[in-house]
Amino acid sequence: MGGGPRTFPGGLNKWQYKRMHEKLAREKERRLLQQEKQIYEARLRTEIRAKIAGEHSAEGAASDIVGTGRMSSKDHIRALADRFMKEGAEDLWNEDDGPVKAQTRPRHSKQPPLPPPPPLDIRKIFEENQASTASFGNRRRYSRWSRNASSDEDEDDVVCRPFEGGLRNLPDKSERRRGVVRFRNFCVDVGDSEEEVECVGGGSCRKKMISGAALKNYDAKVNKRRPPRADMEESDLSEEIRQFREEMKDKAVTKDEISQEEVAEESLLTQKRFDECKISPLSIKALTTAGYLNMTIVQEAALAICLEGKDVLVKAKTGTGKSLAFLLPAIEAVVRASSANSIHRVPPIVVLVISPTRELAIQLAAEATVLLKYHNGVGVQTLIGGTRFKLDQKRLEENPCQVRRISQMVLKRDHIFVDTVGLGHVETHDKVVQSYLIAPHELHFHLVHHILEEHIRTVADYKVIVFCTTAMVTAFMYVLLQNLRMNVREMHSRKPQLYRTRISDEFRESKCLILVTSDVSSRGMNYPDVTLVFQVGIPSDRAQYIHRLGRTGREGKDGKGILLLAPWEEYFMEEIKDLPIQRCQLPELAADANKKVEQSIAKIDSSIKEAAYHAWLGYYNSISDIGRDKTTLVELANRFCQSIGLDSPPALYRKTALKMGLKGISGIRLRK
Ligand SMILES: Nc1ncnc2c1ncn2[C@@H]1O[C@H](COP(=O)(O)OP(=O)(O)OP(=O)(O)O)[C@@H](O)[C@H]1O
């Protein structure tokens with residue numbers, strides 16, 4: 001019966017064979033990382049070249065304001081940009097920016113020298129970004145008041161409080177349990193059953209740079225950490241910025257400079273600029289380079305208070321710039337802490353950002369890296385589950401991140417509550433048209449197909465997110481839409497992390513694509529230009545509905561949201577009755593299209609269907625309003641089962657049925 005040594009190919013024993021495979025896996029991982037690095041650098045070079053190439057066409061575009069005695073806000077920024085371009089400012093630029101002066105300086109000796117590039121022009125970047133953020137308009141009301149810590153605020157709240165000389169940023173209560181970004185000690189962590197993210201600050205003397213927000217990859221570039229040079233260029237630059245601010249004080253922006261369009265009610269940008277805030281010159285430079293010049297409403301409302309180091313609870317609509325509102329003060333806290341604690345050999349962790357999903361942790365770390373572009377002494381690291389576990393573990397051991405003390409932290413009782421939505425105002429964007437449909441389960445997949453086809457036909461650059469209730473229902477929906485020949489991708493917690501990151505990056509940059517996803521994509525993910533958010537089945541609560549809907553209509557753009565419910569799910573509408581959501585009549589479904597859907601369902605493997613049924617049952621069992629009446633729940637589950645093409649409900653493990661309170665309920669089959 002078995003036993004005895006087994007010989008593996010090549011005459012290796014079991015352990016030699018195992019070690020050989022482990023070695024191969026390590027090499028593969030190293031090659032993948034190498035490729036990521038190359039792509040990262042190539043993207044950087046492409047961006048810089050594109051900007052340098054655009055420089056010539058931008059010349060002469062600068063407006064002449066001489067004679068009026070006043071400067072427009074654009075010209076103020078240009079003036080600021082000019083200061084970075086002055087003689088002697090070369091050392092403020094990173095090597096990757098290219099030389100400030102036009103000269104031939106090939107970076108890789110093996111490559112043929114490139115023609116001398118002209119200097120990078122922040123003015124150009126500014127103008128481009130002005131154009132691209134045209135839909136971000138002007139100021140809007142917000143309120144600010146102190147409030148005690150027991151307040152249970154809404155889904156878009158961001159919590160910021162000082163943390164060992166830095167800041168802690170916790171998106172909301174449930175998020176607090178889940179994850180973490182850490183700056184220079186700057187950490188991102190996700191710690192829940194499904195999502196586990198942590199970004200640990202660079203404790204060693206090397207800095208891992210996560211790619212810029214626009215560049216997506218993370219952990220792709222390793223730079224030697226240089227000590228902060230606060231005493232050198234920062235002081236010069238500070239003086240210039242101070243002078244600049246003085247000049248600005250004298251030159252109030254005239255009313256006629258603000259166009260009618262800019263003061264539109266739904267606009268998001270304010271007249272307040274970042275350089276008017278008490279933030280470090282190097283942060284201002286990074287903001288300017290990234291095209292962030294004027295603050296959004298939530299940034300204007302929250303930044304000043306956060307920068308004072310106060311505990312703040314912030315409420316704002318989705319896609320209005322909350323990430324920057326907490327990342328920037330966090331970075332400033334790190335910068336201050338690093339100049340105060342220069343005696344540490346291994347810099348302490350100053351900031352920890354907890355994120356609910358892995359993708360969001362990666363996105364936040366990328367955004368932090370953009371803001372840290374010129375802060376050479378500050379690093380950011382991301383720790384997420386599902387990838388590079390050994391590496392993450394090693395980093396954690398070298399750099400423990402205090403992953404218990406954090407859990408003990410709560411906002412102070414006298415924290416400040418900043419509300420940019422305002423009492424009596426809806427939390428969703430006016431420009432997002434919301435509607436819902438009530439239809440029996442049997443019709444759901446036909447309706448999804450019909451509505452998506454309609455959207456694809458009418459919206460040229462469509463980009464759709466379809467939210468499903470669970471990972472396995474998502475997997476079913478994905479295969480169905482794929483069978484229906486739609487351009488679709490799937491994203492849920494059962495997918496490997498590398499795959500999730502790749503799909504997330506692809507969807508961010510694509511048009512004409514449908515992303516079928518579970519709630520891993522519902523919070524904070526910044527996918528530009530999503531035209532439709534389609535929620536199939538009941539969201540877990542009102543907050544989740546708003547988060548999912550918030551993936552469209554970002555940065556003041558238009559969007560559309562559709563919620564599809566079964567008749568017994570209609571009670572959920574009570575929870576969102578104050579939102580501007582209209583009921584739609586069911587569209588007429590063509591017989592041939594229905595047939596196509598049924599044929600596509602029939603093709604799906606029964607293991608996918610069974611997994612979808614189990615997941616569906618588990619999800620609805622956990623929703624108290626539905627899960628209470630087990631007999632009805634099982635009846636509904638059996639209808640869902642038929643809608644996905646299963647003749648009879650798959651059997652449950654006895655233990656599972658017991659756990660779910662379903663043992664003995666008629667309609668539940670148990671595994672023998
Ligand atoms: N001051 C600014 N100027 C121009 N663009 C900005 C500014 N602040 C943020 N943005 C852009 O607005 C978009 C949305 O920002 P962000 O993802 O931070 O929103 P959010 O409020 O955190 O969203 P969510 O509610 O989904 O978490 C991003 O593309 C970001 O780059």
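Some ground rules. This is a predicted model, where local features need pLDDT of at least 70, side-chain atom pairs count only at pLDDT 80 or more, and totals for chains, interfaces and linings use all residues. Residues are numbered from 1 along each chain as its sequence is written, and side-chain values use heavy atoms, with hydrogens and water left out. Helices (H or I, at least four residues) and strands (E, at least two) are DSSP runs, numbered from the N terminus.

Back to helix 11. It bends by about 25° at leucine 447. That bend is the angle between axes fitted to the seven residues ending there and the seven starting there. Leu447 is also buried, and so are, among others, Phe445, His446, Val448 and His449. Buried means under 20% relative accessible area, exposed means over 50%, and partly exposed is in between, with a 1.4 Å probe and protein chains only.

Helix 6 next, residues 281-290. Of its 10 residues, 9 are buried. Among them are Pro281, Ile284, Lys285 and Leu287. Just after the helix, glycine 291 takes a positive phi of about 90°. The rule for a charge over a ring is NZ of Lys or CZ of Arg within 6 Å of the ring centre and within 35 degrees of the ring normal. Lysine 463 does this too, with its charged end 5.2 Å from the ring centre of phenylalanine 507.

Now ring against ring. A pair of aromatic rings is described by the distance of the centres and the angle of the planes. Rings of Phe, Tyr and Trp (its six-membered ring) pair if their centres lie within 6.5 Å; planes under 30 degrees apart are stacked, over 60 edge-to-face, the rest tilted. The count comes to 8 aromatic pairs. Take tryptophan 568 and tyrosine 620: edge-to-face, 5.2 Å centre to centre, 70° between the planes. Tryptophan 568 is in the loop between strand 20 (559-565) and strand 21 (581-583), and tyrosine 620 is in helix 16 (residues 606-622), so this pair ties together parts 52 residues apart in sequence. Tyrosine 620 counts as buried, at 1% relative accessibility.

Then tryptophan 616 and phenylalanine 640. Their centres are 5.0 Å apart and their planes are at 15°, so the pair is stacked. Tryptophan 616 belongs to helix 16 and phenylalanine 640 to helix 18 (residues 630-643), so parts 24 residues apart in sequence are tied together. Both tryptophan 616 and phenylalanine 640 are buried. Ring pairs link these into a cluster: Trp568, Trp616, Tyr619, Tyr620 and Phe640.

On to the ligand. Which of the 21 residues around it come nearest? Tyr292, Lys322, Ser323, Arg551 and Glu555. Near means a heavy atom within 4 Å. For polar contacts, the rule is a pair of N or O atoms within 3.5 Å; within protein, one must be able to donate a hydrogen and the other to accept it, and residues adjacent in sequence count only if both atoms are side-chain atoms. Serine 323 has a polar side-chain atom 2.7 Å from a ligand oxygen. Arginine 551 has a side-chain N or O atom 2.7 Å from an oxygen atom of the ligand. For glutamine 299, a side-chain N or O atom is 2.8 Å from a nitrogen atom of the ligand.

Arginine 542 is in helix 14 (residues 542-549). It is buried, at 16% relative accessible area. Its side chain makes polar contacts with those of glutamate 427, at 2.3 Å, and aspartate 578, at 2.7 Å.

Arginine 485 is not a glycine, yet its phi is positive, about 65°. It lies in the loop between helix 12 (471-483) and strand 17 (488-491), and is exposed at 77% relative accessibility. Aspartate 529 is not a glycine either, with a positive phi of about 60°. Its loop runs between strand 18 (513-517) and strand 19 (532-536). Aspartate 529 is partly exposed, at 34%.
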